[in-house]
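Me: I would like to learn how to read a protein model, feature by feature. Can we start with its open spaces?

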Amino acid sequence: MTALPGHSRRDVLRISSAAIATAALAGCAGADDTGGSSSSGSSGTLSVGLFEVPVGFAPLYSNSQNVRWVTEPATDTLLTHDASGKLVPHLAAALPVAGPGGVSYTIRLRKGVRFHNGDDLTAEHVAASFNFIPGSRGKSQFLSLLAPWFNKAVAVDPLTVRLELRMPYGILPDQLARIPISHKDFIAEKAKLVATGPFQVGKVVTGQSMQLTRFDGYWGPKPKLSSIVMTSVPDPSTRLVNLREGKIHIATGVQPVDIAGIKRDESLKLHEIQGTGGIRAMLNMTRKPFNNPDFRRALAFAMDREGVREAVFHGEAEIAQGPLGPNVVGYDAAYRPYPAKADLTRAKELLEKSGVSKSTTFKIMVSTSGAARDIAQVFAENWGRLGIKVTLDVADPANWNRRWLIRDYDMSLTVQEYGLVGGSMPLSQFTVYRASSRQNPGYRNGGFDRDFGRLFATADEAERAQLAGKLNKILAEEAIELPPVYPKLLVAQRAEVSGLDEKALLLGRLNLRGVSISSR
């Protein structure tokens with residue numbers, strides 16, 4: 001493709017993608033066909049533009065943001081967080097009661113809760129949702145992180161369930177605010193959802209849109225909206241155009257380059273959330289020279305973190321120092337082992353000390369989508385100043401995941417949404433570095449494994465923070481993982497929309513239950 005005068009090749013691709021996506025949206029259906037509404041919102045239908053509406057949307061299968069965001073209006077959890085962030089009962093009638101040694105939890109369920117098909121919520125449904133964990137390893141991304149601790153769930157009586165663990169897991173109550181409960185007869189259905197939330201799945205146009213309609217039999221506070229339509233709009237520029245034109249009310253995945261324009265537009269409002277997500281930059285320590293700690297630290301000191309923040313995120317990110325970012329337990333804003341700008345003098349000293357040749361070459365594996373490619377290009381330029389030649393190894397998402405699991409990479413780079421599964425606990429950030437993890441990049445540290453076990457076993461919040469901070473420092477100072485920045489979650493909405501839950505966005509969740517649309 002030839003760039004237009006005054007436009008980069010990236011600009012041309014972006015304009016072309018926007019045009020194609022707009023045409024596709026127009027060709028699929030009008031506003032009435034998809035359940036969308038005009039900017040007045042008189043229909044009571046909220047329209048949300050997402051990167052994609054997944055073909056499979058059973059919530060227990062996947063922790064991906066797209067699956068969780070389209071299914072959260074239809075699902076409930078045993079516990080939830082109140083406005084102050086405190087854990088409170090939801091489907092549970094009371095907070096869980098820990099058994100002796102912390103290896104079991106007993107939960108009493110709320111009476112009078114019905115599923116969308118009219119069946120009563122009972123302990124059998126809850127037990128089936130949790131017992132899906134061991135039966136679906138390799139399939140259930142959402143629950144796989146709980147599997148090492150979990151043994152089984154038992155329906156004690158119709159309204160009491162007991163969760164039995166292999167070892168103490170003090171953060172289980174926090175996890176109960178994240179694991180959705182499904183009807184036992186539909187758990188394994190990837191494209192059918194029967195749950196207990198305030199909305200139920202209506203018309204689905206595969207891969208294009210999903211309509212959720214208000215469930216009048218909902219046990220809790222009734223939502224103000226009559227329906228929600230989730231629409232797939234892959235191109236972020238097209239999502240923003242649709243938002244300005246009133247074709248959608250909320251646009252997710254806003255690009256940092258568009259922030260200034262959104263802030264100048266009185267018809268729009270921007271949510272800038274420093275959440276729990278991050279950039280996963282992993283080095284394969286089963287390959288040379290990444291098994292050399294001085295070489296890894298040379299890379300860490302040669303990174304221009306400030307350059308990544310400005311070039312890729314237009315300033316909308318925090319400088320990173322290890323895998324734990326703001327709003328994650330154990331984060332220490334004062335911890336600064338590496339400079340914001342590259343320290344090439346120190347980097348060259350470490351490279352010399354490592355004994356690794358300056359003519360070393362390696363590849364950074366990135367996906368075909370997202371900001372990872374842009375970050376990798378900055379890294380390649382940074383490390384090129386040491387004489388190291390770095391190239392990009394671009395893989396489609398499915399192939400990227402397959403290769404990551406079998407460690408078929410030199411360095412892997414991706415942007416992840418951690419909060420959906422771990423909340424504010426660093427479950428995703430640390431789990432891969434346990435010796436027993438099949439995603440482990442070759443890191444072995446017995447002390448790390450012991451402290452990891454203590455971190456998730458304890459119910460003491462102060463001890464958790466101390467242990468999490470310690471593990472973050474180990475991974476940072478040994479240059480095991482090298483995230484340059486902690487990016488922000490950016491969501492835009494029309495001004496007539498109110499009630500979007502920013503506290504939920506802090507944890508990577510899109511809570512639309514309290515949203516309403518006013519006439520303007």
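Reply: Start with the second largest pocket, which holds about 830 Å³ of space. A pocket is an open set of points on a 1 Å grid over the protein atoms alone, with protein on both sides within 12 Å along at least five of seven lines. Grid points are joined across faces, edges and corners, and a volume is the space filled by probe spheres set on the points. This is a predicted model: local features need pLDDT of at least 70, side-chain atom pairs count only at pLDDT 80 or more, and totals for chains, interfaces and linings use all residues. Residues are numbered from 1 along each chain as its sequence is written, and side-chain values use heavy atoms, with hydrogens and water left out.

Me: Which residues of the lining lie nearest the centre of the second largest pocket?

Reply: Lining residues have an atom within 4 Å of a point. Here there are 34, and Thr-80, His-81, Asp-501, Ala-504 and Asn-511 lie nearest the centre. Strand 2 (79-81) and helix 18 (502-506) each supply at least two residues of this lining. Helix 18 has the largest share, three residues. Helices (H or I, at least four residues) and strands (E, at least two) are DSSP runs, numbered from the N terminus.

Me: How many cavities does a search of the whole structure find?

Reply: Rolling a probe the size of a water molecule over the atoms shows where empty space is left. A cavity is a set of points where a 1.4 Å probe fits but cannot get out. The search finds five of 30 Å³ or more. The largest cavity has a volume of about 50 Å³. Its lining includes Pro-236, Arg-239, Leu-240, Gly-253 and Ile-262. Helix 7 (residues 236-244) gives the most to that lining, with three residues.

Me: What share of the protein chain is buried?

Reply: Buried means under 20% relative accessible area, exposed over 50%, and partly exposed in between (1.4 Å probe, protein chains only). Of the 520 residues in the protein chain, 54% are buried. The chain has 18 helices and 21 strands.

Me: Which residues touch the most other members of the largest nonpolar core?

Reply: In soluble globular proteins, nonpolar side chains tend to be buried together. A nonpolar core is a set of buried Ala, Val, Leu, Ile, Met, Phe, Trp, Tyr and Cys residues joined through side-chain atoms within 4.5 Å. The largest one has 64 residues, and Leu-78, Phe-130, Leu-163, Tyr-169, Phe-430, Phe-448 and Phe-456 touch the most other members. Elements giving two or more residues include helix 4 (123-135), strand 7 (160-165) and helix 16 (446-457). Helix 4 gives the most, six residues. Apart from this core lies another, of 39 residues, among them Phe-290, Ala-376, Leu-482 and Val-485.

Me: Helix 9 next. How many of its ten residues are buried?

Reply: Eight of the ten are buried, so helix 9 is largely enclosed by the rest of the structure. Among the buried ones are Phe-295, Leu-299 and Phe-301. Their cover includes strand 13, helix 10, helix 11 (344-354), strand 15 and helix 12.

Me: And helix 12: what span should its 13 residues have?

Reply: The expected span is 1.5 Å times one less than the number of residues. For helix 12 (residues 372-384) that should be 18 Å, and its end C-alpha atoms are 18 Å apart, which agrees. Its buried residues include Ile-375, Phe-379 and Trp-383. An α-helix has 3.6 residues a turn, so residues three or four places apart point the same way.

Me: What is Phe-362 in contact with?

Reply: Contact means heavy atoms within 4.5 Å. Phe-362 sits in strand 15. It counts as buried because its relative accessibility is 3%. Leaving aside neighbours within four places in sequence, its contacts include Phe-290, Phe-295, Trp-383 and Lys-389. Phe-362 and Lys-389 are 27 residues apart in sequence, yet 6.7 Å apart in space, C-alpha to C-alpha.

Me: Last, the backbone. Which residues does a cis peptide bond join?

Reply: Most residues other than glycine have a negative phi, and most peptide bonds are trans. Here a cis bond joins Lys-288 and Pro-289, with omega about 5 degrees. Pro-289 lies in the loop between strand 13 and helix 9. Phi is positive at Arg-407, near 60 degrees, and at Ala-479, near 55 degrees. Arg-407 is partly exposed, at 28% relative accessibility, whereas Ala-479 is buried, at 0%.
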